[in-house]
Structure formats: C-alpha cells, structure tokens
Amino acid sequence: EDRGGHEIVLRPEGTASIVRAYLEHHLDKTEGFAKLFYLGPMFRAERPQAGRYRQFHQYGVEAIGSASPWVDVEVLVLCLHILRECGLPPEETQLWLSSMGCRKDQQRSAEALRKRLSPQRDTLCKDCQARFEKNVFRILDCKNPTCHEMAWREGSPFLLCRECETHFQHVCEGLQ
C-alpha cells in the first residue's frame, strides 16, 4: 500500500512474469520451445540487508519447453559471458553446480535431509527450525554457519535417479 492508500505491485523477480507471459500468449502451443530474457528493476518487500537496497536490477534468461542438457549449458555459458562482458575477469568468477533432479528425486531428498537433520533440529536457528517442515531445502542456504555446516556435513543431500544423474553429467561435460 502506498502513502495514498492505494494497493500497488512492484515486481520481485522476472521468472514468474516470463512464465506467465509464455502461458497467457499460448507460446506452449504455438512455439513449444522458447528462449526469453528479462532485464530491469526489481523490488524487495522485506527490509534489505546492509549494503543492499529495496530496488535492484536483475537480468535473467529462461529457456522453456526443452529438457535438453545442452540448453542448460547454453544458458549457463551465456550468463558467464555476460558477466565477463561486464568486466568481471574469469579468475574472479566461479560456477558452482548442483541438481535437485526431478520431482521424485526432490521428495526423496527432502525426506533424507529431514531424517539427517532431525537429531540436531533443536540446534538449528529459529528460521531453520521453521524451514524444517515448510521447505527443508531452504536450510541449505542459511547464512548461519552452524546450520550450513549441519546441512552439508555429509555432502550433497540430493539423491538423483539415473536419468537426472545422466542429465547432470551431460551438463558438466558440456561446460568442459
């Protein structure tokens, strides 16, 4: 609500808008596979951390309608290229990859992560104790060193099926 009492909406990120446009304009039926991008101001609703602002600029690319690992490679290489064109030298950029796999993999991984963290649940920060039930994967991003260490202690918590593991390996090979 603004100062005049009117309800307003400021976009928090670009992916949802891209997917909405893809579906509302029936690109899934007319194009099938689409490559789209966005660039512009985005806004945070919560109080920003030190050194951050409520308004920020974000770019992103979306490739919708293909399950090819080569499309994933293309998107990742494009992002690295853009960063380097903006002046970031290669030695100052790192690409970290992981995969959550398919929906079944995600369900198995969530159960396994909850089981792993359950004995130490009381030592998690308050935010992560709430995340434990709601979305256990959010614990992986916690800035609290104790929570982060517990979540990653035994390595990656993601359990991938053969198809998802093969897809991930193809992405890694493509990036090489």
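Predicted model: local features only at pLDDT ≥ 70, side-chain atom pairs only at ≥ 80, totals over all residues.
Residues are numbered from 1 along each chain as its sequence is written, and side-chain values use heavy atoms, with hydrogens and water left out. Local features need pLDDT of at least 70 and side-chain atom pairs count only at pLDDT 80 or more, while totals for chains, interfaces and linings use all residues.

| Element | Residues |
|---|---|
| α4 | 103-117 |
| α5 | 126-134 |
| α6 | 145-152 |

In α5, the residues Cys128, Arg131 and Phe132 are buried (under 20% relative accessible area, 1.4 Å probe, protein chains only; exposed is over 50%, partly exposed in between). They lie on the same side of α5, because they cover an arc of only 115° around the axis, taken from the directions from the helix axis to the C-beta atoms. The face turned away from this buried side carries the exposed residues Lys126, Ala130 and Lys134. The cover over the buried residues of α5 includes α4 and α6.

Arg131 is buried yet has no salt bridge (a side-chain nitrogen of Lys or Arg within 4 Å of a carboxyl oxygen of Asp or Glu). The nearest side chain of opposite charge, Asp127, is 4.5 Å away. Leaving aside residues up to four places away in sequence, Arg131 touches Val136, Arg138, Ile139 and Cys142 (heavy atoms within 4.5 Å).

Tyr59, found in strand β2 (residues 55-64), is partly exposed, with a relative accessible area of 31%.

Methods. Helix = DSSP H or I, 4+ residues; strand = E, 2+ residues; numbered from the N terminus. Lys, Arg positive; Asp, Glu negative; His and termini not counted.
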